[in-house]
Every structure is written in C-alpha cells, then in structure tokens.
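Please look over the structure shown here. A short report follows.

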Amino acid sequence: MNYLNLIKTIYFTLFLICYLNSFSQNKKQFQINFEPVFSDKKLELENKYYKLNNQADSIVFTNLKFYITNIKLLNNSKTIFKEKNSYHLVNLNDSNSLALQLNLPTNTKFTSIQFNLGVDSATNSKGVLGGDLDPTKGMYWAWHSGYINFKLEGKSNLCITRNNVFEFHLGGYKFPYNNIQTIVLKTINKNHNIIKVDIEKFISAIDISKTNMIMTPSKKANELSQIVSKIFSID
Amino acid sequence: MKKFVLILILIISIVAFQKINEELINIPSYWPKPNYNFTENPLSKEKIAIGKLLFYDPILSKDNSISCASCHSSYTAFTHTDHELSHGIENRIGLRNSPALMNLAWHKYFMWDGAIHHLDVQALAPITNHDEMDESIENAVAKIKQSKKYKELFYTAYQSKIITGENVLKSLSQFLLTLVSANSKYDKIQKKEKEISFSDSELKGYEIFKTNCSSCHTEPLFTNNEFENNGLAVDTILNDFGRYKITESISDSFKFKVPTLRNIELSYPYMHDGRYKNLQMVLFHYTENIHHFSTLSNQLLNKIKLTEIDKRNLIAFLKTLTDEEFLRNPKFQPN
C-alpha cells in the first residue's frame, strides 16, 4: 500500500501543477442552452400538445433525455476547439442540464458548433462509467449492453398500445446499427446560443399510430435517429 | 528530465498495480492474459469486500428477497443446482439456467447469448430482469445509499460521500474477479506438484477429451469463449434462439456461449436450459442425439463415437476439474 500512497502524492503534485498552469491562459465562457419545443410552444412534460390542433390527437410527453457528446467549435469547417471529456446528459426534467458552458480561450473565433447525439462506440465498449454516463441515469440498456442515445416517452390517444403510451429508446453503437448522429449548426452569437429541439418535427415525420415502441438498436432505430438529428436548430 | 520522471511514475504504477493484483487474485502463470482491464478498476481489499457484501445482499432485488447468491451459490461453483431454469423473486421462472461464475476476468462476453459485453455492466441484467430481481438500478443504489453500513464502507473504499451506480457496479466486478478457480487436480498436475498424478482412467479420459472436446472447451480455461450451436433440439415452449436475439444474424441462430468445464461435476443441471441432469445424459447427447441445423458447430458434423468405458473415463477426467479449494474458500462465502 506504500507504493500506492507514493503514487497518489506524485499524481496530486502533477495535477496541481497542471491545474495552476491552466489559470495562466485567459478564458471566456461560451454558453449553450437547449430549448425543447413543440413547434412554436415551449415543451413541458405532462402538458398537452396537439399534432393537428385537433382535440382528438393530443400528445403528452413524460420523459425527454438525450446525450450530447464530443462538442467541437468549428471555424469554416476547421475544428478549433474540442471540449475535453465531453459527455452531457440533457434531461428536460432537470433544468440545470439544459445549459452547458464551455471555457474557451478569449480569442477563439468560430462559425459553427458540432456535437454528437449519442455515445460513441469506443465509450460504449468500456466498462461502467460515472458522471452523466452512470447507468443509474436511466440511459443504459440492461439486457443488451449499450447506451440509449435519445429517449422520448409519453402518451397519445393516437397510439393503440397499453395505456396509449409511446416509448422511443434510440441507441446502438455496433455495425450495422451504429445510430449515433453528428450534428453541425451555424452559431449566431459568440457568447450564447440557444439550440432548439423541435419534437413536433419528429412526431410529424413518423406515423405514431404505427411506430410507437422502439427499444432495440434496429433498422427502425437507425431511421428514427436520422430524423431526430434534424430537429436541432439555432435561429 | 520531465520525460524520465513520467516514465518512472509509469513503471512504479504498473509494478504497484501488479503487486496489488497478485495479493488479491491468483492468476496462474501458464494461463493466457486476462481480458479484463484491471487498470480501469484497480483491485482493492475494501472494494472487493463491498462487492462480496452486495453479492450476498438481497437489497438488490425489488422485494429484498433474493441476492446474486440465490442463483449463484458458492458451494456449487456459483450456479443454481437442481433448477433447470433459475427463478427470481415471487417464484418467477426465467428463460435459462444460471451460468457458473468463475474466471470471469478471461471472458469476452457474458450471459448465454453474450448480450453483455463487459463484466462491469453485467449485473444490470439480473438486477433489472422482470423474472430475476426486477429492481431498477436507480432504486437499488438509492436503497444502498440509505444504509449506514454501506455509507462507511464506500467512503473508505472510494473516498467519496456519494455512492454512485458506477462504484456499486465496479465493486461487484471486483468481487467477481477474485473468483478464480485454478487449483483443481488437473491444475496441480499442470503445475507438476509432487505426488499428484492422473489415475489410469483419468489419463485415458484426458486423451478422449483432447480428441473430442477441446476445440471448444479449450484448455486451460476449458472454453474458447465463442458461441456455438451444439445440436440441442429446440425447446418449443421456450423457443430460445440464443445469440440470434442479440445480433439478429441468421448465422447466429441457436448458438450459445461455450461454458467452461471447470467444476462441471457440481454445476448440474447442464446446457443453457438445464435440460440434462447429469454428465451421462450430456455424453449421450454428444454421441447419439445431435440435431442437425445449418448453424451446427463444425466440430459436431462428424459423429462422436465413444464406448461406455470411454464415457466413464471421460467423466473421471472431468471430475479432476473440481476445485475443492475454490468451492470451500471462506473468502468467497458470506461473512
């Protein structure tokens, strides 16, 4: 155990040096806010929304969670900033998780932001991980190893299912169903950007009366993941 | 100079980790390298102790009635004897026979169909399965957090006041990694220990084993860690397609993970659905009862011919894989 203490001391010293070093550079904060919406309305859990403004097709959402990982800033498609350890679980039920901050060197110039929707294969292949990737976050498949990239659950009387529920658990990291999506959006402000996540675009792109239970890394999950990748926008 | 210091630290770390591992688990020199990456979850006495406590604690099941050990008893090589299909809470019956747990650091996949790709996330499956513990990992961790006993133990082991799912699962892995069975009569002979040798019958059985069984049940772990279809007729009630369920590839239909033969004497009943009660029935299957499918293992395309004497000798050899020390080790039993 003596060895271990020695190593700990050495590591700690090295860490301290690195940490102090990092203060020598000037940093500025860049903030991103995710704003889930249903068309022009703010999305709130347990609220009723109407697909066709028709009382017959009400939709209630009970859960919206997704992984935003590997965030990069690009200057005319050239990567100029990469967030380290970039794994964020965005959860509509936890307002803190909707805001992300990046610490950038003050002179960073960028025109767009790139991120992945979901957890990459290399991370998926590791053992158990902590923080936002902890399996207690409800985004890990127990029966078949792997992360869920995007989770949307709710109820709609359009769904002929038990209690009219729909559950979309989109994931998959292995060929042929590597369903992670890369999203690039033009930024409009250098300090703060709001990324809209329009769930109405997803719902209207599918037929929820037929497609309402997706819980495996399948071909359908791949199709739906591609649709979801197009519901993010900055405007 | 900087480089030199870094290299020195690296060397010290590696040596230190190896030293810790050697103290805590016994890895025979003639075995292949473990598949588990110990540097990502370095073993410690404290973490192993938590893992063992959790393994024997019914807190992980929804109604606090069963623990991991309910289906993985240390006395029977960590499996569930006498039950063809293992049962969970409220007498719910599962789909398969619980596999024996040993030498898990050498496994590449877990479960009969390889659904799980890493030991650290394996426990999530039985904890959450409806027919097993039917608990959510969120709730299991919440229950552990409420326990004063665990609070103290986790704090000592992880120097953190917050008990996380990551640390719960890593602790379970640590205990499971220590379950190394490597001291059977077979092993003692491999290690050339004095005054130990195969009997005439065991030696003949060993030759039969090498000719007919070892391509899948490869020494020294007695499994090749692959998936094979061993010609079992389909149980039309269970309709278990095995590996196909995971890969959705027709070429994986009816394939199951090749189990180890270590401690096979005690891990009855046999096969993924526990259909054979004893080794005689297993050998009858391999010699007389192979069902031909398109995915049948190549190794079984030609009929295996064994006389009754051959079978007796083979079983005598298989019994040399029983590791009494492993089965009776107080380190693996509840406190």
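Which residues of β6(A) lie on one side, which on the other, and are they buried or exposed?

## Strand β6 of chain A

Tyr87(A), Leu89(A) and Asn91(A) lie on one side of β6(A), with His88(A) and Val90(A) on the other, and all are buried. Buried means that 20 or more other C-beta atoms lie within 10 Å of the residue's own; exposed means 12 or fewer, and partly exposed is in between, with C-beta atoms placed from the backbone.

β6(A) pairs with strand β4 (residues 58-75) of chain A in the antiparallel sense, over 5 bridges. Pairing requires at least two DSSP bridges between the strands. Tyr87(A) in β6(A) is the bridge partner of Thr69(A). Helices (H or I, at least four residues) and strands (E, at least two) are DSSP runs, numbered from the N terminus.

## Model and numbering

This is a predicted model: local features need pLDDT of at least 70, side-chain atom pairs count only at pLDDT 80 or more, and totals for chains, interfaces and linings use all residues. Residues are numbered from 1 along each chain as its sequence is written, while chains are lettered from A and ligands numbered from 1 in the order in which they are written.

## Gln31 of chain A

Gln31(A) belongs to strand β1 (residues 27-38) of chain A. Gln31(A) is partly exposed, because 13 other C-beta atoms lie within 10 Å. Leaving aside residues up to four places away in sequence, Gln31(A) touches Ala99(A), Gln101(A), Asn191(A) and His192(A). Contact means C-beta atoms, placed from the backbone, within 7 Å. Gln101(A) is 70 residues from Gln31(A) in sequence, yet their C-alpha atoms are 4.6 Å apart.

## Chain B

Chain B has 14 helices and 2 strands. Its radius of gyration is 21 Å, close to the 20 Å from the globule rule for 335 residues, so chain B is as compact as a globular protein of that length. The radius is taken over C-alpha atoms; the rule is 2.2 Å times the number of residues to the power 0.38. Buried residues make up 41% of the chain.

## Where the chains meet

In chain B, 27 residues are in contact with 18 residues of chain A. α1(B) gives the most to this side of chain B, with 5 residues.

Terms used
Two residues are in contact if their C-beta atoms, placed from the backbone, lie within 7 Å.
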